[in-house]
Amino acid sequence: MTTPRNDLPVAIIGAGPIGLATAANLIERGLTPLIFEKGDHVGAAIKAWGHIRLFSSWEHNIDPASRRLLEPAGWTEPRLTALPYGAELVDEYLTPLAATPAIADALHLSSTVTAVSRVGMDKTHSRGRDEQPFLVRVTNIDGTVTDHHVRAVIDASGTWAQPNPLGQAGLPAPGEVEAIAAGLITGPLADVTGVDRDRFTGKHVLVIGAGHSAANTLISLGQLAKNEPGTRITWAVRGADASRLYGGGDLDGLPARGQLGTRLRKLVEDGHIELHTSFTTTSFATTDLGLAVTGSTPNGDVTLDVDLLIPATGFRPDLDILREIRLELDPIVEAPRDLGPMIDPEFHSCGTVPAHGAKVLAHPDKDFYIAGMKSYGRAPTFLLATGYEQVRSIVAALAGDQEAADQVHLELPETGVCSTDLGGSCDLPAVSGAEQSEAADSCCGTPELVMLDQPASGGCGTPSETAPDTVEAASSCCAAPEPVLIGIPTGLAHGRSATLTD
C-alpha cells in the first residue's frame, strides 16, 4: 500500500449500530472514518421500527469502542438490564455517539452511496489494483454527485431497503409492484396501534410471513381489532404445519419470546385471526374494493380480498452498488464465501455462528469488507454483538495489527433453549403495543443477545424477517444449553432441510 493511499480516510457505508461502531474503532486506532448515511438521521432504519422493543438488553447492544468514545463526553449509560425500544437505541445511544466530535466531523447524512469502484479501474483491470484507492460515488440530497477517494471501504448498509418479494421462487408476483405503488402493500413492521392506527382501523388486513415481525404485527392487529370493531385479520404462510409457527411457548428460555408464540396461537384458535397455511402467493390484482391476493394451495387456487397487506417476509442485500468490486460471495445466501456455509438456514438452525472477523469477511478486492447484517446476505439471523466483533477485527487488520485481527471472540449467555421458527430480525421485537411492558418485566432479569434478521439502511439496525420458505425450520429445544437468540439460529446442525425428514 502506498503512502498517499494510507493517508486517505476509510469509507463506512451506513450509520447504524455497526457503522458507528466501525467509526469508533477506526478513531481508537488513529485512522480517519468517512461515514455516509442515506437517511437524515443516524439509525434511520431503526427509527422506522422504533415502536418495537428489543429482546436483548442494553448490556449486549453497546459496542465497547463506542462506549469508550462516549464516556469522556459525559454520556449517561442506560440501565444495562433494560430492554430498549428501537427508538431508545437511536435516541439514547446512536445519537449521542454521532454527536461526539470525532464522529460528527466524519458523518455525512442524506448521502446515498450509488457505486463503489477503484480509481481509474473497472472490475476487469488487475495490474496494480491493490495499490489504487477506492472510489465511492455519493449522491447528496440536492442531487449533487461527488466521488470520494478512500483507502478502504466497509459496507455496513444493512438490508432494510431491500425487502424480499412476496411471490414464489424469490420473485415478485405479477401485480406486486403495482400494488405497492397503489399503497395497498405497506412497509414491514407498521406501527399498527400507534402512528399508523387510522390506516388499519376497520380494515381487512392480510399479513404474509412467519417470523417474529409477522407475530408482532398480528398481535398488534389483534389488539386493534378488540378496540375497533370491523377490523379483520388474515394470516397467510407457506408452511403446512401451523404448530411450527408458534415457537417454544413456556419452554422458551426468553419468556417474552415464548409469550409471543403463545399469544399468537390463542388469537388463531379463538378465531380472531384467520390462518391460511400452504399458501404460495401467485398474483395481485387491484380492485374497486382493495387488493385481490391469489395463492396456490393443495386444494387449488384461493383468492383473498383484503384492504391492505403487511409483508413480513424478510430482506436481501443490495449488491448493485458493488458491481465494480471484486466480490467472492457464497452462491446460496450471498454472504462472503467463507461465512456462507456457517449461516445457511437450510442446514443451520440452532446455536450461533462462531466469532469471525477480517479473514472470513475479506474479498478479492483488498481492504473491501461487507459487515453487519449485510454480511449475512439472505440468511435470516444476525447478532449485534457479532457485528461489533466483525468490525473490531476488520479495523485491526486495516491498522496493520494482524494478531489482534485474528484473535476473534464472542461472549454469549449460555441459557435457555434454541430459537424456533418464529424467527426474528435485526434486533427484533419482543411483543408489540400494550403488552410490551409485560414482556419486558418477564425477561429483564435474563439478559440475552438479540439476533438480527436483516438490516437497516445504516448497518444492522433493522429488523429483518424470516424469508417465506423458512417457516419449515426446526423448532423446540436443544439437548445442550445454547445462547437464546431470535430467529432461526445459525451455526449448528439442523435447518430447514432437517424438518423434511425429522
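Modeller: Exposed means over 50% relative accessible area, and buried means under 20%. The model here is a predicted one.

Colleague: Is Ala169 buried or exposed?

Modeller: Ala169 sits in the loop between strand S7 (152-155) and helix H7 (176-181). Its relative accessibility is 67%. The cut-off for exposed is over 50%. Therefore Ala169 counts as exposed.

Colleague: What is the phi of Ala169?

Modeller: Most residues other than glycine have a negative phi. Ala169 is not a glycine, yet its phi is positive. The value is about 60°.

Colleague: And Leu189, buried or exposed?

Modeller: Leu189 lies in the loop between H7 and helix H8 (197-200). Its phi is also positive, near 55°. Relative accessibility is 4%, and the limit for buried is under 20%. So Leu189 counts as buried.

Colleague: How many aromatic pairs does a search of the whole structure find?

Modeller: A pair of aromatic rings is described by the distance of the centres and the angle of the planes. Searching the whole structure gives a count of three.

Colleague: Are the rings of Trp58 and Tyr93 stacked or edge-to-face?

Modeller: Their centres are 6.5 Å apart. Their planes stand at 85°, and over 60 degrees is the mark for this class. So the pair is edge-to-face.

Colleague: How many residues apart in sequence are the parts that this pair ties together?

Modeller: Trp58 is in the loop between helix H3 (44-48) and H4. Tyr93 belongs to helix H5 (residues 86-99). Both residues are buried. The pair therefore ties together parts whose separation in sequence is 35 residues.

Colleague: Which residue lies over the face of Phe134?

Modeller: A charge must be within 6 Å of the ring centre to sit over a ring. Here the distance is 3.8 Å. The residue is Arg118.

Colleague: Which residue in S13 stands opposite Val293?

Modeller: Strand S12 (residues 291-297) and strand S13 (residues 300-306) are antiparallel partners over seven bridges. They form a hairpin, with two residues between them. Opposite Val293 is Leu304.

Colleague: Which helices each supply at least two residues of the lining of the largest pocket?

Modeller: This pocket has a volume of about 400 Å³. Of its 17 lining residues, those closest to the centre include Pro64 and Tyr388. By class, the lining has seven nonpolar, three polar and seven charged residues. The helices are H4 (64-70) and H13 (384-398).

Technical notes: Residues are numbered from 1 along each chain as its sequence is written. This is a predicted model: local features need pLDDT of at least 70, side-chain atom pairs count only at pLDDT 80 or more; totals for chains, interfaces and linings use all residues. Side-chain values use heavy atoms; hydrogens and water are left out. On a 1 Å grid over the protein atoms alone, a cavity is a set of points where a 1.4 Å probe fits but cannot get out, and a pocket is an open set with protein on both sides within 12 Å along at least five of seven lines; lining residues have an atom within 4 Å of a point. Grid points are joined across faces, edges and corners, and a volume is the space filled by probe spheres set on the points. Helices (H or I, at least four residues) and strands (E, at least two) are DSSP runs, numbered from the N terminus. Ala, Val, Leu, Ile, Met, Phe, Trp, Tyr, Cys and Pro count as nonpolar, Asp, Glu, Lys and Arg as charged, and the others, Gly among them, as polar. Two strands pair if DSSP finds at least two bridges between them. Rings of Phe, Tyr and Trp (its six-membered ring) pair if their centres lie within 6.5 Å; planes under 30 degrees apart count as stacked, over 60 as edge-to-face and the rest as tilted. Buried means under 20% relative accessible area, exposed over 50%, partly exposed in between (1.4 Å probe, protein chains only). A charge sits over a ring if NZ of Lys or CZ of Arg is within 6 Å of the ring centre and within 35 degrees of the ring normal.
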